[in-house]
Amino acid sequence: MSADAGEIPAEKADAGTAVDLTLDPAAAAADVPAEIRAQSLGQYLRDLRQQIRGGNSGVLPVILGMVLVAIVFEIITPEHAFLRPSNLVYIFALSTVYMVLAMAETVVLLLGEIDLSVGAVAMIGGVIAFKLVQQPGPGWPWWAAILAALVGCGAFGALQGTVTAQLKIPSFVVTLAGFLLCSGILIVVLGGADGNVNLNTSVASQRVIYDLVQGLLTPVVGWIVLAVVVAAAGINMWLRAAARRRQRLVAPPAGLTAIRLALVALLGAAVVVLCSINRGTLVVKVAGVPWVIPIVLVVLGGWTVLLSRTRFGRYVYAIGGNAEAARRAGVRLPAIRIWSFALCSATAALGGILLGSFFFGEYSTNTADPGQLVLYAVAAAVIGGVSLFGGRGKPLHGVLGGLLIGSIAYGVSLLNLGQYAPPLEYILPGAVLIGAVLVDVLSRRGTGGVTRV
Amino acid sequence: MTETSEAPSGASRAEDGVEPLLKLRGIDKHFGPVQALYGVNLDLPAGQVTGLCGDNGAGKSVLTRCIAGAHQPDHGQISFEGRPVHIRSTRDAAALGIETVYQDLALADNLDIVQNMFLGRERLRRGLLDEDSMEKQAGETLSTLRVTTVRSIRQPVASLSGGQRQAVAVAKAVMWNSKVVLLDEPTAALGVVQTRTVLDLIERLRDRGLAVMVISHNLNDVFEVADRIAVLYLGRMVAEGPAADFDRQSVVEYMTTGTFSGRPFEPAASATGEA
């Protein structure tokens, strides 16, 4: 007999009970992202409100946190200097380091693992790149030096991933060892704990590395970049929605797409305007968007595509959600884990290069402590909304969390606290991290928790 | 296909001598010194539900895993559609069209219904996930099984109840033009209403012409859906035949003692197509 499963007509008479996936409305509202259900803008807003009440608040806490930090520091900093354009641009630039490190940490957190070595690996990556462009010295072109740093650190990450995945040792132990190892190697390659690698900005390849954070786009170029980004995002959103409608699938309402696009454009315009204000003196004008902002956007875009639109990303989420299910579905767990650790370390190396560019090559432990960097990276990711328990979070969350951490770190340094500043630079992010973890745990326990059974 | 006269109507049972879709003969399996299966024979005919019963430790799970490719039998032969096959991995099983719905469901809570149904077999378009085509296919499969999705098949599996999750797991198993579906304790964790929906779902799989094997402790469920019953006792197949040859008491006795009224199982005269 032909057991052709596909040929049975759907309307075949059958008195069987249909399985209704509709839930009680409250539970559905809490768990189903509003944009996949809503057919109209009004319904979207109502659903969104329900979703937030249900404990699934997405990026809302980190945005509220940023507003709170801005208000508090504006009030308590001397001369209310926190929100000056020059300070805000400085915060953007400083935060990009934490953003990139948080994005690196995100992929490993999504697996339900942790990488405690990102800070030390990042600094080694930075030192590698800075050393390789030295003249006299290796004198490599800037791109080769950066590539070497990414590949070298990626290989170290792959090693950590291999030990974790193949020997089944908890990643926290493996990467703690990696952190200590790299911290030691760092002192050796720097030639002392207070060493540094200066760049000669008159040499082209060194100038590029220096400019990664210090270089500025002119305001005109800034506007052009913004226009290109917004247009690309708009076209992408529009085409995807159109394709879904063509296939008669639920697409987000056009009004919602327009509002989101307008928000992106507005935020981008605010940043460009802010960066275009002269923050130097009347004589030496300093204005323009730092290179590092579009660089971070590219990293964000790359990670977002990798995690949400490729098989690799899907498997990362699946392993974080239910490793056994992924294994039974034929996912090769060790390969995904090793690649994740490798990509995490490579991304961290980029963060380390930005760090060096930000501090003019000062890799000494006075300016950046690898232990503090990793704390900030994990804190940024978790504050942004990446779950410590795996399976939940996005690269964007790392970026938002990085901005919040950068704001706090810089705000504290503005306070002129003297001897109290160093402890506070640890205590405040630590407190924020604990707060974020509490939100993570409580939201899992509440109605919106993804791991509720 | 033109030969629709053979459409599975429930009447064309395999007792008439038709080769069963999946045939196991003399399956032995041991783990170290422990012999788990002794020369087990089992037929899974197309368009029929076979209920596999047995007490804890009787070897139900080992037998299931041998079919699903998670274990390899030490001896014995598995024939699929009349030709001998070697199932060395779950991928081999999937390639033949054998799918397993595990007791603990094997769904990732944080992924949505579509993502779970395609996990490990995602469709790509220009190197990226083709979400739209996967969503369409998943929706069609769910609706042919009459699993209606009023809200969205894009909701995370975490938001589903036990019966709904079971339905998704079953739909996942049948989406790949599968021919054999093994269900391990499909109703174990479910309430009355949800059990009903899952049993209906199993009947729908049979009506689609699939060979279904249900492993269950719950004899009510077994007698409700099974066309054939097979009983394992301490690694041996002690009884196998049409459900009509059994009643509750006999199944319980075979499960607990391997015999019924002190006598081994004897197939009814017309029951088996071959010796």
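Two strands count as paired if DSSP finds at least two bridges between them. Helices (H or I, at least four residues) and strands (E, at least two) are DSSP runs, numbered from the N terminus. By that scheme, the bridge partner of B:C53 in β12(B) is B:V231.

This is a predicted model, in which local features need pLDDT of at least 70, side-chain atom pairs count only at pLDDT 80 or more, and totals for chains, interfaces and linings use all residues. Residues are numbered from 1 along each chain as its sequence is written, while chains are lettered from A and ligands numbered from 1 in the order in which they are written.

**Chain overview**

- Chain A has 17 helices and three strands.
- Chain B has eight helices and 13 strands.
- A residue is buried if 20 or more other C-beta atoms lie within 10 Å of its own, exposed if 12 or fewer, and partly exposed in between, with C-beta atoms placed from the backbone.
- Buried residues make up 44% of the 453 residues in chain A.
- In chain B, 51% of the 275 residues are buried.
- Two residues are in contact if their C-beta atoms, placed from the backbone, lie within 7 Å.
- Among chain A contacts with a separation of 6 or more, 76% join residues 24 or more positions apart.
- The corresponding figure for chain B is 68%.

**Confidence in chain A**

- pLDDT is the predictor's confidence in each residue, from 0 to 100.
- Chain A has a mean pLDDT of 83, and 86% of its residues reach 70 or more.
- Residues 1-17 of chain A have pLDDT below 50, and this stretch makes 35 contacts in the model beyond near neighbours in sequence.
- Residues 22-30 of chain A also stay under 50, with 19 contacts beyond four places in sequence.

**The sheet of chain B**

- Strands of a sheet pair through backbone hydrogen bonds, either parallel or antiparallel.
- Six strands of chain B form an open sheet with mixed pairing, in the order β6-β10-β11-β3-β12-β13.
- The edges are β6 (98-101) and β13 (236-242) of chain B; each has a single partner strand, so one side of each lacks a neighbour in the sheet.
- Neighbouring strands are turned by 15 degrees against each other on average, direction ignored.
- Strand β10 (residues 180-184) runs parallel to β11 (residues 211-215) in chain B, joined by five bridges.
- Within that pair, B:V180 has B:A211 of β11(B) as its bridge partner.

**Strand β3 of chain B**

- Six of the six residues of β3(B) are buried, so the strand is largely enclosed by the rest of the structure.
- One side carries B:V49, B:G51 and B:C53, and the other carries B:T50, B:L52 and B:G54; all are buried.
- Four bridges pair β3(B) with β11(B) in the parallel sense.
- B:T50 stands opposite B:M213 in β11(B).
- β3(B) also runs parallel to β12(B), through five bridges.

**Helices on the sheet**

- Axes are lines fitted to C-alpha atoms, for helices over the stretch in contact, and angles run from 0 to 180 degrees between N-to-C directions.
- Helix α8 (residues 248-257) of chain B lies across β3, β12 (228-233) and β13 of chain B, at about 25 degrees to β12(B).

**Helix packing in chain A**

- Angles under 35 degrees count as roughly parallel, over 145 as roughly antiparallel, 65 to 115 as roughly perpendicular and the rest as oblique.
- The axes of α9 (residues 204-214) and α14 (residues 333-358) of chain A come within 7 Å and cross at roughly 85 degrees.
- α9(A) is therefore roughly perpendicular to α14(A).
- This contact uses A:I209, A:Y210, A:L212, A:V213 and A:Q214 of α9(A), and A:I353, A:L354, A:S357 and A:F358 of α14(A).
- Ala, Val, Leu, Ile, Met, Phe, Trp, Tyr, Cys and Pro count as nonpolar, Asp, Glu, Lys and Arg as charged, and the others, Gly among them, as polar.
- The contact of α9(A) with α14(A) has seven nonpolar, two polar and no charged residues.
- The axes of α5 (residues 85-110) of chain A and α14(A) come within 8 Å and cross at roughly 170 degrees.
- α5(A) is therefore roughly antiparallel to α14(A).
- The contact of α5(A) with α14(A) has 17 nonpolar, four polar and one charged residues.
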